[in-house]
Every structure is written in structure tokens, then in C-alpha cells.
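Subject: A structure for you to look at

Hello,

I am handing over a structure that I have been going through, and I would be glad if you took a look. My notes on what turned up follow below.

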Amino acid sequence: MRILVLRALGLGDLLTAVPALRGLRRAHPDAEITLAAPGWLADAVARIDAVDALLPTEGLVPIDYESPDLAVNLHGRGPQSTELLRATRPERLITHGAHVPWAGRQHEVVRWCRLLAQFGIPCDPDDLHLPPRPRNGAIVVHPGASHGSRRWPAARYAAVVRELGPGVVVTGSPAEAALVRAVGRGHSRIGDLGGLLDLVAGAKLVVCGDTGVAHVATAYRTPSVVLFGPVPPALWGPRSGPHRVLWHGTTGDTFADRPDPGLLKIGVGDVLSAARALLGGGPWPGSESSARAMSG
């Protein structure tokens with residue numbers, strides 16, 4: 001049996017789909033499962049133990065695959081993603097539609113598990129963890145995000161780095177090199193995805209915004225402080241584990257170029273207090289109490 005799955009999105013999107021992919025694997029243990037997703041995610045795809053082949057697919061473009069026995073749309077609500085899968089001429093297609101309507105306010109992990117359950121494929125929403133890696137003891141601060149609305153100001157990240165001390169490593173992609181240097185002041189790491197995954201897996205703490213690295217921390221059970229702005233953590237945040245979510249209860253435009261007003265209400269003291277709690281200390285002097293801190 002040949003199964004084609006479409007999830008041509010980013011790192012966090014891939015990791016929130018892990019329970020659905022593993023449910024699909026359990027339902028069809030002997031099938032060849034091909035995931036259409038960006039090629040740069042290869043290191044992450046190899047770690048989830050549910051996919052046989054990665055078909056490099058950058059966004060909503062024609063899929064170079066013919067006549068799968070089953071096509072599964074884990075990309076979105078359609079219609080573009082659905083039509084791209086139909087163009088491969090699958091024998092069966094699993095997707096949202098008239099019989100399985102799209103629900104707006106639903107956690108991303110649960111959404112895809114419920115879709116597959118509607119087609120008789122049970123999934124466990126908690127089955128999203130990756131195999132553990134050796135601990136390195138670093139504190140990882142990741143200031144970047146896919147959109148400006150999710151980027152807490154670099155100066156505030158830099159203040160957090162100064163207070164947390166010499167064990168901090170500031171991470172980012174090559175495209176974020178200037179931001180990483182501005183925040184890290186010598187304590188930085190710009191590298192490939194595999195190196196980032198291993199660093200986060202072994203860290204004692206991660207501080208970041210609502211971005212893929214937050215989902216990596218969840219997947220490896222690494223304690224994290226996650227700063228949310230325009231998107232509620234109930235939709236994309238960690239559902240359990242050693243994490244602290246900071247959010248002011250407001251929503252906004254996730255595709256905006258400027259930091260979300262709610263995100264800007266989170267102060268340096270809030271982040272430091274959440275970090276210190278996860279590191280085993282008490283409240284940080286001068287912390288602000290206006291942000292909502294949630295532990296899973």
C-alpha cells in the first residue's frame with residue numbers, strides 16, 4: 001500500500017502532526033508512507049519514526065507523486081491543498097470537507113487526530129515526543145520567528161540573556177544571523193536543523209516565542225518559557241509538560257510585520273521569573289505580574 005501525506009509547512013507544523021502520522025503508521029504498518037514537506041525538514045522527519053520517505057515539496061505546488069492508494073491532507077482546510085492531492089489521482093482521499101467540517105478554534109495537534117479518527121484511524125494526541133538525546137546543560141534562547149508579530153524585541157531578549165548568565169546559547173538560522181549576534185553578544189550558534197534539534201533536546205531550558213523551536217522543546221520534554229502574542233496558546237501551545245506559557249489573553253494578526261501589542265506587554269521580568277521557576281529558583285526580583293503564566 002502506498003500512502004501520500006501532504007504537510008508542506010514549517011517545523012512546528014510538522015511536529016504538531018506527529019501524533020497523526022504515527023496513528024497512520026499504526027493503522028497501516030506495512031504501507032509505504034511518503035510525506036510531501038519541505039526538504040530542509042529532513043532531519044526532523046527522520047526522527048519521528050512514522051515516515052518512509054520525504055518528498056521535497058515547498059508549499060502549495062504540484063506534488064510529484066502518482067496514484068497513491070491513499071492520500072491524506074494534513075496541510076490545511078483546502079481547497080488548494082485538497083485539489084493538489086486529487087491531482088495525484090488517489091484511490092482514497094482523507095481531507096476536511098462537507099462530511100468532516102473544519103473547526104476554527106481547535107488545538108493543532110487535536111485537529112489532525114480528529115480528522116483521522118473520522119476515517120477510522122485512531123490517534124493519540126500525546127504521542128508527539130521524540131527519542132531523548134544526551135543532556136548538554138545549555139540554556140537556549142531563540143529570538144527569531146516566522147513573522148514579525150511573533151518576535152519579541154531583540155533588546156528584551158538581550159536583557160534576558162545577560163541575566164541568565166554564561167550558560168546561554170542564542171540560536172537562529174543563517175537568515176537570522178544579525179538578530180542572533182545582536183541578542184547573543186558572543187554566545188550564539190547559527191547552524192543546521194539537526195544541530196539545533198540536538199541542542200534543544202539536551203538543554204536544561206529553552207526561551208523562545210511561538211515558533212518551531214517551542215515545539216521542539218515540547219517534543220523533547222525540555223523545559224521551556226514560550227512567549228505568545230497574536231495566537232492563543234490554547235491553539236498552538238504545549239498541552240502538557242515542564243513549560244511556562246506567557247500570554248496576555250489578546251489575539252491579533254499573526255502575519256503582521258510588527259510585534260503584536262499583546263506580546264509587547266510581556267516584560268523581561270516576567271520571562272526571567274518563569275525561567276527561574278523552571279530552573280528551580282524563586283520569583284525573579286522586579287518581575288511583572290500582568291502576564292498570564294500557565295504550566296502544563
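Grid points are joined across faces, edges and corners, and the volume is the space filled by probe spheres set on the points.

Before going further, a word on the source. This is a predicted model, in which local features need pLDDT of at least 70 and side-chain atom pairs count only at pLDDT 80 or more, while totals for chains, interfaces and linings use all residues. Residues are numbered from 1 along each chain as its sequence is written, and side-chain values use heavy atoms, with hydrogens and water left out.

Back to the second largest pocket. Its lining has 16 residues, and those nearest the centre are Val109, Leu128, Thr218, Pro238 and Arg239; a lining residue has an atom within 4 Å of a point. H1 and H9 are the elements that give two or more residues to this lining, with H9 giving the most, 3 residues. Helices (H or I, at least four residues) and strands (E, at least two) are DSSP runs, numbered from the N terminus. By class, the lining of the second largest pocket holds 7 nonpolar, 7 polar and 2 charged residues. In this count Ala, Val, Leu, Ile, Met, Phe, Trp, Tyr, Cys and Pro are nonpolar, Asp, Glu, Lys and Arg are charged, and the others, Gly among them, are polar.

The largest pocket has a volume of about 1100 Å³. It is lined by 45 residues, and Gly10, Asp13, Ser146, Arg150 and Gly212 lie nearest its centre. Two or more residues of this lining come from each of helix H1 (11-16), helix H5 (108-118), strand S7 (168-172), H8, helix H9 (212-219) and helix H10 (233-236). H8 gives the most, with 4 residues. The lining of the largest pocket divides into 16 nonpolar, 20 polar and 9 charged residues.

Among the buried residues of H9 are Gly212, His215 and Thr218.

The largest nonpolar core has 57 residues, and Val5, Leu21, Leu24, Val72 and Leu74 have the most contacts inside it. Such a core is a set of buried Ala, Val, Leu, Ile, Met, Phe, Trp, Tyr and Cys residues joined through side-chain atoms within 4.5 Å. Helix H8 (residues 193-202) gives the most to this core, with 6 residues. Apart from it lies another core of 23 residues, among them Val141, Val183, Val225 and Leu246.

Val141 sits in strand S6 (residues 139-142) and is buried, with a relative accessible area of 0%. Not counting residues up to four places away in sequence, Val141 touches Tyr157, Val161, Val168, Val169, Val170, Thr171 and Val207; contact means heavy atoms within 4.5 Å.

Most residues other than glycine have a negative phi, and most peptide bonds are trans. The peptide bond from Gly78 to Pro79 is cis, with omega near 10°, and Pro79 is in the loop between strand S4 (70-73) and helix H4 (80-86). Asp49 has a positive phi, near 55°, and lies in the loop between helix H3 (42-47) and strand S3 (53-56). Asp49 is exposed, with a relative accessible area of 67%. Arg221, also not a glycine, has a positive phi of about 60° and lies in the loop between H9 and strand S10 (224-227).

Finally, the whole chain. The protein chain has 12 helices and 12 strands, and buried residues make up 55% of its 296 residues. Along its principal axes the C-alpha trace spans about 60 × 35 × 30 Å.

Enjoy exploring, and best wishes

Notes
Buried < 20%, exposed > 50% of the residue type's maximum accessible area, 1.4 Å probe, protein only. 1 Å grid on protein atoms, 1.4 Å probe; cavity = no way out; pocket = protein on both sides within 12 Å on 5 of 7 lines; lining within 4 Å.
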